[in-house]
Amino acid sequence: MNLDQTTPTAIAAHLLNQALDAAEIGTAQYSVPLDQWHGSTAVRQLYGVSVPAESIATLANFLVLVHLDDRASVGQAIAVAIDRGSTYQYECRTAKRSQCWLRHEGIVIRDATGQAQQLIEVVTDVSDRVIAQTMYQRLHDRQQALWRHSQELAIQADSEGQMTFVSAALTRLLGYSEQDWLAHPLAAWIHPQDQSILAAVWEGGGTIDLRVRHQEARWVWMRMQIHRTLIAAQPVWIVNAQDITQQQNMRSSLQETTEQVQILVDNFPGAFYRSQAGQQWRQRYVSRGFQGLTGQLFRAIDHLLMAFPTEGDAAYADLILPEDLERCDQQLEAALADQAPFVLQYRIQANGIRWIEDRGRGVWNAAGELEWIDGVMLDVSDRVITEMALRAREDRLFRIYNHAPIGITFTDGQTGRYVEVNSAFCRLLGYTPDELEQQTWIALTHPEDLENELVLHQQCQQQQRQSYSLEKRYLHKAGHAVWVRITVSWVIDADADSAGSFALIEDRTEYSQAQQQLFDARQRIVRHINNSPLAVIEWTADFRVQQWSDRAEALFGWSAAEVMGKHPFDWQMIVLADLPQVQRVIEQLRSGEITFNTCCNRNYTKSGSVIECEWHNSVLFDPQRQVVSFLSLVMDVTARNQASAELTRSRSLLETTLEATADGLLVLSRDGDILYCNQKFIELWRIPAHILAQRVDQHLLPFQQAQLKNPENFLQQVESEYLFPDLDCHGEVQLQDGRVFERFSKPHLLEGEIVGRVISYRDITPRRD
C-alpha cells in the first residue's frame, strides 16, 4: 500500500489489520448483497491456507475451509445473523486441522431499510480453551460415571450449599431420585436439630455425625466428611458420607440398656454386692438398695464373721441377730469350701426385725484362688411371715379337716380303698378309721346306687371329667342305708404316676326325709291346682312357662308339653290388638314396678276361638329381692262380660225410657240416699246442682218444703213413708208459685224385698186451670 496516496482512515485500517495479523487475530468481512467474502492474512493462516484472497471470494468458498461436521452450524449461524441479528458469534473447527478451534465474533451492518449489507467479524484461535474444557468435561463425566456405579455416598455442592451432584448409592440409600436431591440445598435434608452442626463446619470442612431424612419419613444417621476445593477457579464442596445408623442404634440401644439395667439395679427390692476376698472382705461394689434394705449407709461392708471393718466403718455382722450369725457363718464356709452357691437366711435388726435371704457364689481364678463373692440380698420378711402363716393355716386346716361337721375322704384311684378319712365320716357310717382303711367306697355304696357312680368314676379315670356330685346311699355298719350328698374331685399328682379322689360327704338323711315331705306337699298342691276352677300358670324369671295346670289345658286347649318353656309371645295365644297391653303388664312385673296386678285381655284357644280372660298375676322373690317366678291365675270371664254388657244395654234403655217420661222421678234407698232422679224431676223442683250433688234426701227435703204452701203436711207424709216402708201413697202438693204436682209414692221391691222407694211428680196445674 502506498501510504503517501491514502487517506488517514485507510491508513489507520491498514495499520490495525497488520497489528491484528501480528497478534494472530484475523478479520473478515462479508458483503451480503454481492455475496463477497474477504479474509485477512491471519484468517487464511488460521484456516491453514496460503491461496490469495481472491480465491476465497464467496461464502461458499469460505465454508469449504470449515470442518465438514461444523459447516451446517456455521452456515446456520450466519443466516440467522443476516436475518435478524445485530451481533453474532460461533465456534468451528478448520477443515485441515480438526483440533484447531476458531471463534468468530461479528457485527451486522444494515441500511436504512434494515437490510443487512455487511458482516464484519474478528477471528481468534480458542483451541487451548476448548481442549481444556473438553478434557475437564471428560474427567467430570468419568468421575460422575464412577460415582454412579460405585457404593460411595458422595455429594458435590456449591458455596450456597446447593447440590450439583449426588452419587447413585446415596439416592438408593435414602430412596430419593437425583432430581429430588438437586432441587433443594443440602440443609433441607438434615434434621432440624442437626442443621446448626452442619453450618458450623461447612465453611472450614470437617467430620460430623448428623441425621438425614429418608423417603419413608424416618431419619438415617450419617457421618459426613466435608472438603472444600477449587475447580476451574470456583470453590466446590465435596461431601463423603457413611451410613452409621446401625452403629448409632447400637450405641443408643447400649446406652438405653445400660440405663435400664441401672434403673433395675437401683429399684431392685434388695441389694447386689461384690465382696473382695481376703481377711477384711471389703466391698468392691454395693447397689443403692443396700441402704433401703438395712436403713444404714455403709462405706465398707463386711460379710458376716469374716469381716474386719476399718476404723469408723460399721460392721454388717453387727446387724445380724446373734442366734443366726454363727449358723450362717458355718453355712457360708461350707459352701465356699465346696465351691458351691450358698443360700443364707437370717434376721437383722434394722427398723425392726427383718428376714434377709442372702444368695451368692464365689468366683475363683485360673489358679483356683477365691477372688471375690458375688451375691444378692433380699428382704424376704413378707415371704417368711407368709410361710409361717401358711404353716399355721395348715395346722388349722388339719384341725378343720379332723373336726369338720361333714365327711372328708381321700381314696386310691385304682383300688378305691380309703387312704384318709376324718372323724365325721367315721361317725356317719359307724366305723373306726382303721376299719374304714380296710374298706372301699364301692363296698360301702348301696347296690342300687353303685352303677350310676361307677360310670362317673370311670369318666374321671379317663379324664373326661374332673368332678361329679350326686345323692347316694351308703351302707351303715349297723346295716341300714344312710343318704348323703357327695361331691367328688379327681386328683392327679404332679408326676401323673398316681391319682385318687377327694370327696366331701354331707349327711342328707334328714334332708331326704324333708324332700319326701316336700314332694308329698307339692303333690297335694298340684291336685288342688288341677281341681281349681281357675287356670294356674307359672312362669320363669324370663317369663317362660314352667307349670301349666290341667285347668289351663282345658281353658286354652294346649297341653303342657306344647307350651312348656315358651314365652307368651312364642305362640298365638294373645289377640293381636291386646299385645301392647300385655307387654306393659309383663314389663311392670319383671322390673319390680308392681308385685301383683289384675288385668283383662282377649286370648285365643287352640281351636281359634276368642275368649275374654281375667288374669291375676303375682311375683315371687328370693331373699335378695331377685325374681324367682311369676304366677298367673286365669278365669274365663267371657260369659260374665257378655252378661255385664247386656245389663249395661238394659240399664241404658231403662234410663232412656225414664228420661223420656213426662213425670219427674226420684228413687231413694231405704236409708234415704238418692239413687236416681231424672231430668224432669230436677226441672219441676228447680233443684240446684250443689244440693243434688249431695245425693241425700235429708238435704233435698228442706229445699222442697221451702217451695210448698203447706210444708208441714208434706213432711208428715214423707215421715210416714219412712216409718211404713210398704205404704203406697197418692196425693197433691201445692207450690207457692201456683203450680200443683200430683205425687205417687211406692215401695221399691227387689225379689220381694223392699230396698227403697220410687216417687213420681206430675205437673197438673193446667188441669186445675
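Colleague: Which side chain does the side chain of histidine 104 make a polar contact with?
Modeller: The side chain of tyrosine 47, at 2.6 Å. A polar contact is a pair of N or O atoms within 3.5 Å; within protein, one must be able to donate a hydrogen and the other to accept it, and residues adjacent in sequence count only if both atoms are side-chain atoms. This is a predicted model, so local features need pLDDT of at least 70 and side-chain atom pairs count only at pLDDT 80 or more, while totals for chains, interfaces and linings use all residues. Residues are numbered from 1 along each chain as its sequence is written, and side-chain values use heavy atoms, with hydrogens and water left out.

Colleague: Is histidine 104 buried or exposed?
Modeller: Buried, with a relative accessible area of 0%. Buried means under 20%, exposed over 50%, and partly exposed in between, using a 1.4 Å probe and protein chains only.

Colleague: What does histidine 104 touch?
Modeller: Leave out residues up to four places away in sequence, and the list includes Tyr47, Phe62, Tyr88 and Glu121. Contact means heavy atoms within 4.5 Å.

Colleague: Which strand is histidine 104 in?
Modeller: Strand β4, residues 101-110. Strands (E, at least two residues) and helices (H or I, at least four) are DSSP runs, numbered from the N terminus.

Colleague: How does β4 pair with β5?
Modeller: In the antiparallel sense, over nine bridges. Two strands pair if DSSP finds at least two bridges between them. In this pair, isoleucine 109 stands opposite glutamine 118 in β5.

Colleague: What is the strand order in that sheet?
Modeller: β2-β1-β5-β4-β3, an open antiparallel sheet of five strands. β2 (36-39) and β3 (87-93) are at the edges with a single partner strand each, so one side of each has no neighbour in the sheet. On average, neighbouring strands are turned by 20 degrees against each other, direction ignored. Axes are lines fitted to C-alpha atoms, for helices over the stretch in contact, and angles run from 0 to 180 degrees between N-to-C directions.

Colleague: New topic. What is the order in the sheet with β16?
Modeller: β17-β16-β20-β19-β18, five strands in an open antiparallel sheet. Neighbouring strands are turned by 30 degrees on average, direction ignored.

Colleague: Which helix packs on that sheet?
Modeller: Helix α16, residues 447-461. It touches β18 and β19 (481-492), and its direction makes about 150 degrees with that of β18.

Colleague: Now the gaps. How many cavities of 30 Å³ or more are there?
Modeller: Five. The largest cavity has a volume of about 170 Å³. Of its 15 lining residues, the closest to the centre are Trp539, Phe543, Val582, Ile586 and Trp615. α20 gives the most to the lining, with four residues.

Colleague: How do you define those?
Modeller: On a 1 Å grid over the protein atoms alone, a cavity is a set of points where a 1.4 Å probe fits but cannot get out. A pocket is an open set with protein on both sides within 12 Å along at least five of seven lines, and lining residues have an atom within 4 Å of a point. Points are joined across faces, edges and corners, and a volume is the space filled by probe spheres set on them.

Colleague: And how much space lies in the largest pocket?
Modeller: About 380 Å³. Its lining includes Arg651, Tyr676 and His748. The largest share, four residues, comes from α21.
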